[in-house]
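Work through these exercises with the structure in view. Try each task before reading its solution.

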Amino acid sequence: MAKARTWNDDQPIYRQLIDEILARILDGTYAEGQMLPSVRQLAGDFQINPLTVAKAFQELVREDIAEKRRGIGMMVKDGVREALSVRERHKFLKEEWPEVVARMQRMGIDVRTLLKALPPK
C-alpha cells in the first residue's frame with residue numbers, strides 16, 4: 001500500500017508513477033515475475049485517476065519492463081531488475097552525480113569528510 005504522496009508539477013503524474021514503480025522494482029518490493037497491483041488498486045492508493053495508472057502501465061510495457069497477461073494482469077518481466085539497475089546507475093553518474101560534486105565543492109566538502117559522514121554498516 002502506498003503512503004500519501006505529493007505529486008510534482010514539473011512532470012506528468014503518470015511519469016512520476018512510473019518512477020515510483022521502477023524504484024519499487026529496484027528495492028525488491030515488486031519482484032521479477034510478480035504481479036503489479038491492479039489499476040484500481042494503484043489509483044486508490046495514490047488517489048489518482050485510473051486512466052493515469054493505465055497510461056503508466058502502457059509505458060512500462062512499451063519500455064519492456066512489464067508485460068500484460070490476459071486475464072491475469074500486469075507482471076514485472078524477468079531480468080528487468082538488473083537492466084534497471086544499470087540504467088539507474090548510468091543516469092545517476094551522468095545527471096545527478098555532477099550536481100552533487102558541484103554542491104560538495106561549493107560547501108568545501110572533500111571525499112574524506114564525506115566518507116567519515118557515512119553511517120556504519
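**Exercise 1.** Is R69 buried, partly exposed or exposed?

*Solution.* Start with the ground rules. This is a predicted model, in which local features need pLDDT of at least 70, side-chain atom pairs count only at pLDDT 80 or more, and totals for chains, interfaces and linings use all residues. Residues are numbered from 1 along each chain as its sequence is written, and side-chain values use heavy atoms, with hydrogens and water left out.

Step 1: take the cut-offs. Buried means under 20% relative accessible area, exposed means over 50%, and partly exposed lies in between (1.4 Å probe, protein chains only).

Step 2: apply them. R69 counts as partly exposed, because its relative accessibility is 35%.

Step 3: look at its partner. R69 forms a salt bridge with E67, at 2.9 Å from N to O. A salt bridge here is a side-chain nitrogen of Lys or Arg within 4 Å of a carboxyl oxygen of Asp or Glu. E67 has 26% relative accessibility, so E67 is partly exposed.

**Exercise 2.** Which parts of the chain does the salt bridge between D64 and K77 link?

*Solution.* Step 1: check the distance. The closest N and O atoms of D64 and K77 are 2.5 Å apart.

Step 1: D64 sits in the loop between α3 and β1 (66-69), and K77 in the loop between β2 and α4. They are 13 residues apart, and the pair links distant parts of the chain. Helices (H or I, at least four residues) and strands (E, at least two) are DSSP runs, numbered from the N terminus.

Step 2: classify them. D64 is partly exposed because its relative accessible area is 48%. K77 is partly exposed because its value is 21%.

**Exercise 3.** Where do D19 and R15 lie?

*Solution.* Step 1: find the element. Both D19 and R15 lie in helix α1. They are four residues apart, about one turn of the helix.

Step 1: check the contact. D19 and R15 form a salt bridge, with the closest N and O atoms 3.5 Å apart. D19 is partly exposed, since its relative accessibility is 31%.

Step 2: widen the view. R15, D19, E63 and R87 are linked in a network of salt bridges. The count of salt bridges comes to nine.

**Exercise 4.** Is R24 buried or exposed?

*Solution.* Step 1: locate R24 in helix α1 (residues 13-26).

Step 1: use the cut-off. R24 is buried because its relative accessible area is 15%.

Step 2: compare sequence and space. R24 and R81 are 57 residues apart in sequence and 10.0 Å apart in space, C-alpha to C-alpha.

**Exercise 5.** Which element gives the most to the lining of the largest pocket?

*Solution.* Step 1: list the lining. Among its residues are M35, P37, F57, K68 and M74.

Step 1: assign elements. α3 (50-62) and β2 (73-76) each supply at least two residues. α3 gives the most, with four.

Step 2: sort by type. The lining has eight nonpolar residues, three polar and one charged.

**Exercise 6.** Which helix supplies the largest share of the nonpolar surface patch?

*Solution.* Step 1: name the members. F92, L93, W97, V100 and L114 form the patch, with about 410 Å² of accessible area together.

Step 1: find the source. Helix α4 (residues 80-107) gives the largest share, four residues.

Step 2: inspect one member. W97 belongs to helix α4. W97 is partly exposed because its relative accessible area is 32%.

How values were computed: Patch = residues over 30% accessible without salt bridge, like charges linked within 9 Å, V, L, I, M, F, W, Y side chains within 5 Å. Areas by Shrake-Rupley, 256 points an atom, 1.4 Å probe, with all protein chains shown as cover. 1 Å grid on protein atoms, 1.4 Å probe; cavity = no way out; pocket = protein on both sides within 12 Å on 5 of 7 lines; lining within 4 Å. Nonpolar A, V, L, I, M, F, W, Y, C, P; charged D, E, K, R; others polar.
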